[in-house]
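Dear colleague,

Please find the structure below, with the sequence alongside.

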Amino acid sequence: MTADVWLPIPPDEIEGLPEGPAYRFWNGEEEFPADPADCAFYVVPYMKPSPLCVRPMAGMSRVQVVQTLSAGIDHVEPGLRRLPAGVRLCNARGVHEASTGELTLTLILASLRGVPDFVRAQDRGEWLAGFRPALADKNVLIVGYGSIGAAIEDRLVPFEVARVARVARSERTTARGPVHPLTELPALLPEADVVILSTPLSETTRGLAGADFLSRMKDGALLVNVARGPVVDTKALLAELESGRITAALDVTDPEPLPREHPLWRAPGVLISPHVGGPTSAFLPRAKRLLADQLNRYVNREPLRNVILTTGAPTG
């Protein structure tokens, strides 16, 4: 039986796809392109709501691979329990690092140098001169040091920061220096002028930046969230912003999209971008290359890249 591959990008637009599978285009439409039971390789639609992404998974009784086009996999986790054992879940490591790194630096620089204030002043025809903080000589803390966290540090280096501290789930050493475990986070927060969240959303990181975390940040520090909205406790963040003690730059929020009347829009010292870390001109070419490579590996029975977990396997 020919295996079906469900793609959210038209297959004739992806160079290098291997022959053999039957390619089905589906990007979240109400009607499925074929019977989900015949799908062997499911590429999840990009930037679509979780219920839509997991909807066909209940019927994918013979699926072998689920491939996301995002770095995070939290939006497909609700569907994993519906899948048979042995399904490999792969993420899009290598696709979003450059774009997310760019946006992180954009948010930091715009926040520190007061760019939102300049834009508002321009609308008023006002010359808003004065001193502003620089990124140079600042201590930066990256919470979540995977491939995106490393890409962010790559882009921080030319800005002559004083120090970059790195935190991840477990301790390790990299070419740039040590990565501290999460248990050391409370001691590192008071030293940081800029705290960047780039961690995956999990039960461990949900609400990580809560009242205790935020209270440990130094006065005047900047919190940057390019991870997932629920990594931050919105109520606790609002309290800190309204006190004027810290500032924030958020590409993701909780809830998301942020409702028009939500107080976070009007909180002092916050810059909000609408979850645009990944969707740039760099996304589609890199996503297509990833899919062509993964599907060639799949057809040729070679090891897949970016396997995050296998359903039914013990988790450590």
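**Findings**

Helix 5 lies across strand 6, strand 7 and strand 10, running at about 165° to strand 6. Here helices (H or I, at least four residues) and strands (E, at least two) are DSSP runs, numbered from the N terminus. Contact means heavy atoms within 4.5 Å, and axes are lines fitted to C-alpha atoms, for helices over the stretch in contact, with angles from 0 to 180 degrees between N-to-C directions.

This is a predicted model, in which local features need pLDDT of at least 70 and side-chain atom pairs count only at pLDDT 80 or more, whereas totals for chains, interfaces and linings use all residues. Residues are numbered from 1 along each chain as its sequence is written, and side-chain values use heavy atoms, with hydrogens and water left out.

An open sheet of 8 strands has the order 8-9-7-6-10-11-12-13, with mixed pairing; two strands pair if DSSP finds at least two bridges between them. Strand 8 (172-174) and strand 13 are the edge strands, each pairing on one side only. On average, neighbouring strands of this sheet are turned by 20° against each other, direction ignored. Strand 7 pairs with strand 9 (residues 177-181) in the parallel sense over 2 bridges, and alanine 168 stands opposite proline 181 in strand 9.

Of the 10 residues of helix 5 (residues 147-156), 7 are buried, so the helix is largely enclosed by the rest of the structure. Buried means under 20% relative accessible area, exposed over 50%, and partly exposed in between (1.4 Å probe, protein chains only). The buried residues of helix 5 are Ser147, Ile148, Gly149, Ala151, Ile152, Glu153 and Leu156. Their cover includes helix 3 (97-113), strand 6, strand 7 and strand 10.

Arginine 166, in strand 7, is also buried, with a relative accessible area of 6%. Its side chain makes a polar contact with the side chain of glutamate 153 (2.9 Å). A polar contact is a pair of N or O atoms within 3.5 Å; within protein, one must be able to donate a hydrogen and the other to accept it, and residues adjacent in sequence count only if both atoms are side-chain atoms. The arginine 166 side chain also reaches the backbone oxygen of proline 178 at 3.1 Å.

**The cores and helix 8**

The largest nonpolar core has 31 residues, and those with the most contacts inside it are Leu141, Phe213, Leu223 and Leu237. Such a core is a set of buried Ala, Val, Leu, Ile, Met, Phe, Trp, Tyr and Cys residues joined through side-chain atoms within 4.5 Å. Helix 8 gives the most to this core, with 4 residues. Apart from it lies another core, of 24 residues, among them Val140, Ile148, Val164 and Val179.

Helix 8 lies across strand 11, strand 12 and strand 13, running at about 130° to strand 12. In helix 8, Thr234, Ala236, Leu237, Leu238, Glu240 and Leu241 are buried. The buried residues of helix 8 pack against helix 7, strand 11 (222-225), strand 12 and strand 13 (270-272). At the start of helix 8, a side-chain oxygen of aspartate 233 comes to within 3.1 Å of the backbone nitrogen of lysine 235. Glycine 244, whose phi is positive, near 80°, follows helix 8.

Yours sincerely
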